[in-house]
Structure formats: structure tokens, C-alpha cells
Amino acid sequence: MRLGIISALAEEQHGLLEALQSPSRHVHGMREYTTGKLWEIDAVCVLSRIGKVAAAMTAAILVEKFGVTHIIFTGVAGSGDKNVKVGDIVIAESLIQHDFNASPLFPQYEIPLTGISRFATDVTLTERLAGAAEKTTRVHRGLIASGDQFIGKLTQIQALKAALPDLLAVEMEGAAVAQVCFEMGIPFAVIRTISDNANDEAAVDFMHFIKTVASRYAFEVIRNFCKS
Ligand code: SAH
């Protein structure tokens with residue numbers, strides 16, 4: 001296994017770079033990829049920056065230039081369900097691009113020429129990640145929706161939930177990584193710690209949370225994952 005670990009923000013990657021043994025930095029396409037060993041696993045850590053295009057590019061480069069065989073995205077997300085609380089972890093079973101709509105040519109959410117609207121994560125990788133996360137906090141598994149917008153209005157999250165009733169979390173990168181991994185045949189998983197409720201208070205909660213708990217969780221879960 002050569003594991004690519006993507007985060008969007010520096011806080012989400014906190015501790016991982018320090019934990020990398022024999023780190024080696026490579027700058028490519030405005031991003032810094034750090035290769036090394038994470039608790040015996042051959043790994044490449046990178047910040048994608050925010051949004052679907054940024055995440056898709058990063059995932060493709062990880063596969064094509066750095067030869068990763070598996071990808072994990074670790075970061076924070078807004079809650080998409082009343083039972084999913086700030087500080088809980090959501091692990092994706094599938095991911096959808098909630099802002100993708102080529103109707104009437106294709107059904108809403110369907111990615112043209114793939115026939116897919118919900119990309120499934122790798123079962124083995126997801127199971128192992130869930131095992132690692134359950135040692136840290138409460139874990140939910142299910143649908144994560146990604147789009148190129150920060151969901152910070154109650155009306156926005158209510159509309160998304162009405163359209164996707166089984167939604168657990170909203171973020172801005174996961175489903176893009178999912179599509180790239182699907183097209184490249186790379187097993188992948190997405191883990192998100194809930195930073196906000198994607199409502200009118202989301203921006204304030206996000207800023208607070210990202211500085212405090214988010215960083216510690218990401219590190220703990222990846223460490224447990226690598227050691228399991
Ligand atoms: N003000 C921040 C912007 C962060 S965007 C900054 O300048 O750094 C939010 C990031 O966290 C994205 O990477 C996204 O994946 C995730 N996220 C957390 N809460 C979210 C929400 N409510 N809606 C969309 N993305 C969210």
C-alpha cells in the first residue's frame with residue numbers, strides 16, 4: 001500500500017507531517033506533497049486547498065505522479081442531520097456532488113458518461129477507518145454531499161436535506177476525490193469531523209472548531225488507522 005492522505009486545510013493535517021518519518025517534500029502544481037513513512041505505511045500527505053477542482057487535481061496527481069494505491073481524505077464538514085453533532089465523525093459510504101445538475105440531458109446529480117450519482121467508497125478501507133475512528137469519538141456512516149459552496153444558511157441546508165433525506169454531512173471536496181478515484185480504479189475513503197451545523201451559525205462555529213478539536217481528531221484517527 002502507498003497511501004495518499006489529502007486534507008483541504010492546514011488544521012486538518014495538523015500533526016501528520018510531524019509524524020512522517022524520513023519526510024521528503026515535492027512541490028508540484030502549487031501544492032506541496034510530502035512523502036515518508038507513517039507508522040510503517042508508505043504515505044504521501046498533501047493539502048488540496050478548498051473545492052472540488054482543487055481536490056480532483058490533487059487526487060489525480062497523487063495517483064499519476066506519486067503512485068499512490070489508496071487515498072484517504074480527512075477533514076471537517078457541516079452536519080447534514082440532526083443526530084450528527086459537532087465533534088462527531090462521519091465516514092462516507094457514498095458521496096454525491098450536490099451542485100451537479102445536467103438535467104434534462106442527464107438526471108440531476110448524475111455525472112455524465114459514468115451513469116453514477118453516488119460514488120461508493122472502498123468497503124475494506126472504510127471499515128478499517130471506522131474501526132480507527134470509533135476509538136476517538138461517535139461515528140456515523142452514510143452519505144456525504146460535496147459542492148463548491150460553504151453551506152452557512154439554514155435555508156440552504158434545509159433544501160439540501162429535503163432533496164437528499166439520508167444526507168449526513170456537507171463539505172467541498174470529497175465527492176470530487178470520489179469521482180477521480182472511481183475513474184482511476186483507486187480504493188478511497190473519506191472521513192470528516194463535524195465542525196458546524198451548516199446553518200446561520202456555521203461560519204462562527206467553523207472558525208472556532210477548526211482551531212480546537214479538528215486537528216487532534218484527524219491525527220488520532222490516522223494514527224489508529226496506520227497501526228491497525
Ligand atoms: N473561512 C475558511 C473557509 C473554509 S471552507 C478559510 O478561509 O479557511 C470550509 C472547509 O471545511 C471546506 O474545505 C469544506 O470541505 C469544509 N466544511 C466545513 N463546514 C462546511 C459547511 N458548512 N459547508 C461546506 N463545507 C464545509
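These questions and answers tour the ligand site and pockets of a predicted model.

Visitor: How many residues surround the ligand?
Guide: Look at the closest ones to get oriented. They are Ile-151, Met-172, Glu-173, Arg-192 and Asp-196. The shell has 11 nonpolar, three polar and four charged residues. The residues that surround the ligand number 18.

Visitor: Which residue has a side-chain N or O atom 2.6 Å from an oxygen atom of the ligand?
Guide: Met-172 has a polar backbone atom 3.0 Å from an oxygen atom of the ligand. Asp-196 has a side-chain N or O atom 2.7 Å from a nitrogen atom of the ligand. The side chain at 2.6 Å from a ligand oxygen is that of Glu-173.

Visitor: What percentage of the ligand's accessible area does the protein cover?
Guide: Start with the ligand on its own, which has 560 Å² of accessible area. Of that area, the protein covers 79%.

Visitor: Which strands each supply at least two residues of the lining of the largest pocket?
Guide: The ligand takes up the space of this pocket. Strands E5 (70-79), E9 (167-171) and E10 (188-196) each give at least two residues to the ligand's shell. For the pocket lining, the strands are again E5, E9 and E10.

Technical notes
Residues numbered from 1 in each chain as written. Predicted model: local features only at pLDDT ≥ 70, side-chain atom pairs only at ≥ 80, totals over all residues. Heavy atoms only, no water. Near = heavy atom within 4 Å. Polar contact = N/O pair within 3.5 Å; in protein donor to acceptor, adjacent residues only side chain to side chain. Areas by Shrake-Rupley, 256 points an atom, 1.4 Å probe, with all protein chains shown as cover. 1 Å grid on protein atoms, 1.4 Å probe; cavity = no way out; pocket = protein on both sides within 12 Å on 5 of 7 lines; lining within 4 Å. Sits in = over half its atoms within 2 Å of the grid points. Helix = DSSP H or I, 4+ residues; strand = E, 2+ residues; numbered from the N terminus. Nonpolar A, V, L, I, M, F, W, Y, C, P; charged D, E, K, R; others polar.
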